[in-house]
Amino acid sequence: MDQSADTNAAIWQSGEVVQTWTAETEQRERGQVAQRRLMAVLLPFGEQEAFTFLDLGAGTGAASRAILSRYPRSTAILADFSSGMMSAGEQAMQPFAGRYQYVEFDMSASGWPAAIPAALDAVVTSLCVHHLPDDRKQGLFTEIFEHLVPGGWYLNYDPVRAEDPVVEAAWQRANDHDDPEAASKRLNRTPQEQARWDNHVRYMIPLRQQLDYLRSAGFHGIDVYWKHLENVIYGGYRPG
Ligand SMILES: C[S@@+](CC[C@H](N)C(=O)[O-])C[C@H]1O[C@@H](n2cnc3c(N)ncnc32)[C@H](O)[C@@H]1O
């Protein structure tokens, strides 16, 4: 992959894209309630337990809000590299004021900011790891492992690429069946939609490769905890 063609930062730091993303919030989040809830309940905490988790590539905080809602004594650190997404997030996160903090962090570099504690109880990522080149996916998983306390969990909710074109076509058939407008949307993208799509798929890789990265980083308890077509939730924990 020619990384000079990487438009990820330009896309997520564009006011226009942030505006489109926030305008689509209600519809998008309605379709993700079950996945958000599952990520929250997979974490090994009692409902009244106090703990701190990190949400990387947090955007407007959808994953954090699900966890903060389920665990009223938890606190969140939300990291992102888009000031537009973070300021939109400040509004969406209002109900949790005092229990969260945004930190600026570009995950394409390996130097984690000091504002992220060295020992975290859990780390989550959603819909963002696929924006990183493979060496950074792998590096990030190792860095996450190193920032977790023993027993700490990492969960990732993300789309993956099919290894087999026949499987990819089957996923597309099923998606088109669920959304009768999908095929026409695919064929009639605006330039902004096409740029977002190109960015969406640029570094998307098969699930197996990502589970290998988790294993190499040292995680145990690795599983695909949920999967529907191209969308998965996988993760594991740092052994004690
Ligand atoms: C599709 S949105 C997902 C946001 C949120 N995690 C969610 O599930 O709704 C992708 C987010 O990842 C962030 N992002 C993409 N690449 C990043 C990078 N290299 N470093 C930090 N954040 C990044 C974007 O700014 C954006 O907020």
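A residue is called buried if 20 or more other C-beta atoms lie within 10 Å of its own, exposed if 12 or fewer do, and partly exposed in between, with C-beta atoms placed from the backbone. Keep that in mind for the tour. The model you have open is predicted, so local features need pLDDT of at least 70 and side-chain atom pairs count only at pLDDT 80 or more, while totals for chains, interfaces and linings use all residues. Residues are numbered from 1 along each chain as its sequence is written.

**Stop 1: the whole chain**

Show the protein chain as a cartoon, and you will find 11 helices and seven strands. Helices (H or I, at least four residues) and strands (E, at least two) are DSSP runs, numbered from the N terminus. Its C-alpha atoms fill a box of roughly 50 × 35 × 35 Å, taken along the principal axes. Of the 240 residues, 34% are buried.

**Stop 2: a residue on helix α4**

Select Ala34, which sits in helix α4 (residues 33-42). Is Ala34 buried or exposed? Ala34 is exposed, because 10 other C-beta atoms lie within 10 Å.

**Stop 3: the ligand**

Next, select the ligand and the 19 residues that surround it; the closest are Trp12, Gly57, Gly59, Ser126 and Cys128. Here a residue is near a molecule if its C-beta atom, placed from the backbone, lies within 6 Å of it. Helices α1 (8-12) and α5 (62-70) are the elements that give two or more residues to this shell. The shell divides into 10 nonpolar, seven polar and two charged residues. In this count Ala, Val, Leu, Ile, Met, Phe, Trp, Tyr, Cys and Pro are nonpolar, Asp, Glu, Lys and Arg are charged, and the others, Gly among them, are polar.

**Stop 4: two helices meeting**

Color α2 (residues 15-23) and α6 (residues 83-92). Which residues meet here? Gly15, Val18 and Thr22 in α2 meet Gly84, Met85 and Ala88 in α6, contact being C-beta atoms, placed from the backbone, within 7 Å. These contact residues divide into three nonpolar, three polar and no charged.

**Stop 5: two loop leucines**

Finish with Leu127, in the loop between β4 (120-126) and α7 (134-147). Its phi is near 60 degrees, a positive value in a residue other than glycine. Leu127 is partly exposed, with 19 other C-beta atoms within 10 Å. Then jump to Leu229, in the loop between β6 (220-228) and β7 (231-237). Phi of Leu229 is also positive, near 50 degrees, and Leu229 is partly exposed, with 17 other C-beta atoms within 10 Å.
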